[in-house]
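Subject: Model handover

Hello,

Here is the structure for you to look over. My notes on it follow below.

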Amino acid sequence: MRLPGRHRAALALWVLLTALGGAALARLELARLQDLFETDARIAHRLLSQRVVQHEAVLATVALLQPPAGAEAAEQRLPALYPQILSVHRRERDADWGDAVLAAAESRSRVTGRPALADVDFARGRYRVVLAAAPASFATEFDLGKVVPWNEWPMNPPTSPVRVTLEYGGQQFLLQPGDEGAGLWTLSFRKHLAAESQPFDLVARRIVGWADLPWRWIALWALAMAAAVAAWHWLRTQRAERRRAEELLRLGQVARLNTLGELAAGMAHELNQPLAAVLASTQAARRLLQDDPPELETARGAMRQAEEQARRAADVLGRLRRGVERPAAAAALQPVVLAQAVRNALYLLEPEFARRQVSPRLETGEQEVAVRAEPVALEQIIHNLLTNALQALEQVPPGERRLSVRVEQESGQGALTVDDSGPGIAPDVLPRIFEPFFTTREHGLGLGLSLCESLAAGMGGRLGVQARSPRGAAFTLRLPLATP
C-alpha cells in the first residue's frame with residue numbers, strides 16, 4: 001500500500017532525524033569509549049613503567065651495596081620481596097658467566113653504564129637483565145606474568161574488551177585477551193615503557209562493534225523524534241485542512257454568486273418577453289379606447305398607468321440583469337498554467353477523492369501549457385467538472401472508478417480534459433447538457449454546467465462533452481494560449 005505524499009514526507013523526515021540523531025549519539029559514545037580506552041591504557045602503561053623502573057633501581061641498589069657472596073647473600077632474598085624476580089645471579093671479578101648471552105649483555109652494560117637486556121623469551125614469559133658493576137656484576141630473571149600490578153590494574157582482564165600485550169622484537173606476550181571479534185571501529189594505543197633496559201612496547205587495542213552502540217538512547221531518540229514529527233505532521237495537516245476548507249468556502253461563495261447571477265439573468269430573460277407583450281397590449285388597448293366615447297379619459301388614465309408600471313417592471317428587471325452580469329472577462333484575463341490550476345483543484349478535493357476511493361491521475365506533456373484566463377473562473381470550472389465526475393463515479397463499483405485529467409496543447413489552444421469511467425451520458429441528454437435548469441440529478445438546479453459554459457465563453461474559450469465507450473464521459477475545456 002502506497003502512503004500519501006504528506007505521510008511519506010513525514011516518514012522521510014523521521015528517518016532523517018533519527019539517522020542524524022543516532023549518528024550523533026554513536027559519535028558521542030565512540031568518543032566516550034575512546035577517552036575511557038586511552039585513560040585505561042595510559043594507566044596500564046604508567047604502572048608497568050613504574051615496575052620496570054623499579055627493576056632498574058633494585059639492580060642498581062644491589063650493585064652499589066655489593067653484598068657479600070654466600071648462601072644467605074642479600075640478592076638471594078630479593079625474590080621473596082619482589083615476586084616478579086625469579087632469580088638473581090652474580091659474577092665475581094675473575095669468574096665467568098658460563099653464558100655467552102649474559103656476557104654480551106654485561107659488555108653492553110659496561111659501555112652504557114646502565115642495566116642491559118640480555119634476552120627475552122615471551123613464549124615462557126621470561127626475560128633477563130644484566131648490570132655490570134665491580135667487584136661483582138648481577139643478572140636478574142623476571143616473570144612477566146608477575147610484573148603486572150594486578151591489584152592496581154585499571155581493567156578486569158577476564159571481562160574487559162581491551163586486548164593488552166607487551167611486544168618486543170617480533171615477540172608478543174598477552175596480558176589480557178580482550179575481544180577480537182569483528183567490529184566497526186578499532187581503538188589502538190602503543191607506547192614504549194620508561195626503562196631502556198626493558199624496551200618493551202605496551203600495545204592496547206579495542207574493537208568497537210554494533211553491540212557497543214548506545215541503542216537504548218538511540219531508541220529513546222527515535223521515539224522522541226517520532227512524537228515530534230507526529231506533532232508537526234498533525235499541525236501541518238490541520239493547517240492544510242483549514243486552508244483547504246477556506247478555499248472551498250471561497251470557491252463555494254463565488255459559485256453561489258455566479259449561480260445567482262445565472263438565475264437572475266435567466267429570470268430576466270424569461271420575464272422580459274411577457275412584460276413586453278403586456279406593454280404592447282396596453283398600448284393597443286389605449287389606442288382602441290381612444291376611439292370609444294364612454295369614459296375615455298378614465299380608460300386612458302388606467303392604460304397609461306398600466307403602461308408606466310410595465311415599463312417600470314421592465315426597467316427594474318433590466319437593472320437587475322445588468323447588476324448581476326459578470327464584468328467583461330477580458331479585463332481580468334491573465335496567464336495561468338493549466339496544470340497548476342488542476343493541481344490546486346485536486347488538492348482541494350483530496351478528502352472527497354479519498355472518501356470515494358478514487359485516485360485521480362494528472363497527465364501533462366513535457367511542455368508547460370499556459371492559457372489566458374480569469375483564475376477564479378478557471379478554478380470554478382475545473383472544480384465543477386471534477387465534482388460532477390465524482391458524483392458520476394459514485395454510481396459504479398469502487399474497483400471500476402477511474403478519473404484522469406489531461407492537459408495538452410492543440411490547434412493553438414490549451415486543452416483540459418476530465419475523463420471518468422462513470423455511467424456516461426445518454427445520447428438524448430447529450431445535446432441539452434449545457435442548457436440552464438436542465439439536470440438529470442435529483443435535487444439538482446441544472447446551472448453548474450451552464451455556468452461553466454458561460455464562464456468559458458467569457459474567457460474566449462469553449463466547453464465541450466463527448467461520451468466514452470463503453471461508458472463514461474469526457475468534458476474538454478479549450479482556452480486561448482497565453483502569449484509569451
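First, a term: buried means under 20% relative accessible area, exposed means over 50%, and partly exposed is in between (1.4 Å probe, protein chains only). By that scale Glu 363 is partly exposed at 28%. Its salt-bridge partner is Arg 361, with the closest N and O atoms 2.9 Å apart. Arg 361 is partly exposed too, at 46%.

Some ground rules. This is a predicted model, so local features need pLDDT of at least 70 and side-chain atom pairs count only at pLDDT 80 or more, while totals for chains, interfaces and linings use all residues. Residues are numbered from 1 along each chain as its sequence is written, and side-chain values use heavy atoms, with hydrogens and water left out.

Confidence
pLDDT is the predictor's confidence in each residue, from 0 to 100. The protein averages 82, and 78% of the residues score at least 70. Residues 327-331 fall below 50; beyond near neighbours in sequence, that stretch has four contacts in the model. A contact means heavy atoms within 4.5 Å. Where pLDDT is low, the predicted coordinates should not be read in detail.

Salt bridges
A salt bridge here is a side-chain nitrogen of Lys or Arg within 4 Å of a carboxyl oxygen of Asp or Glu. The count is 20. Side chains of opposite charge can pair when their charged atoms come close.

Glu 410 pairs with Arg 478, with the closest N and O atoms at 2.8 Å. Helices (H or I, at least four residues) and strands (E, at least two) are DSSP runs, numbered from the N terminus. Glu 410 is partly exposed, at 27%. Shared partners also join Glu 352, Arg 355, Arg 356 and Glu 394 into one salt-bridge network.

Glu 106 bridges to Arg 110 at 2.9 Å between the closest N and O atoms. Both sit in helix α3 (residues 100-112), four residues apart, about one turn of the helix. Arg 110 is partly exposed, at 47%.

Around Glu 408
Glu 408 lies in strand β12. At 26%, Glu 408 counts as partly exposed. Leaving aside neighbours within four places in sequence, Glu 408 contacts Val 369, Gln 413, Gly 414 and Ala 415. The C-alpha atoms of Glu 408 and Ala 370 are 9.9 Å apart, with the two residues 38 apart along the chain.

Backbone points
Most residues other than glycine have a negative phi, and most peptide bonds are trans.

- The Ala 134 to Pro 135 peptide bond is cis, with omega near 5 degrees. Pro 135 is in the loop between β3 (126-131) and β4 (137-143).
- Gln 357, not a glycine, has a positive phi of about 60 degrees. Gln 357 is in the loop between α8 (350-355) and β10 (361-364), and is exposed at 54%.
- Ser 411, also not a glycine, has a positive phi of about 55 degrees. Ser 411 is in the loop between β12 and β13 (413-420), and is exposed at 78%.

Best regards
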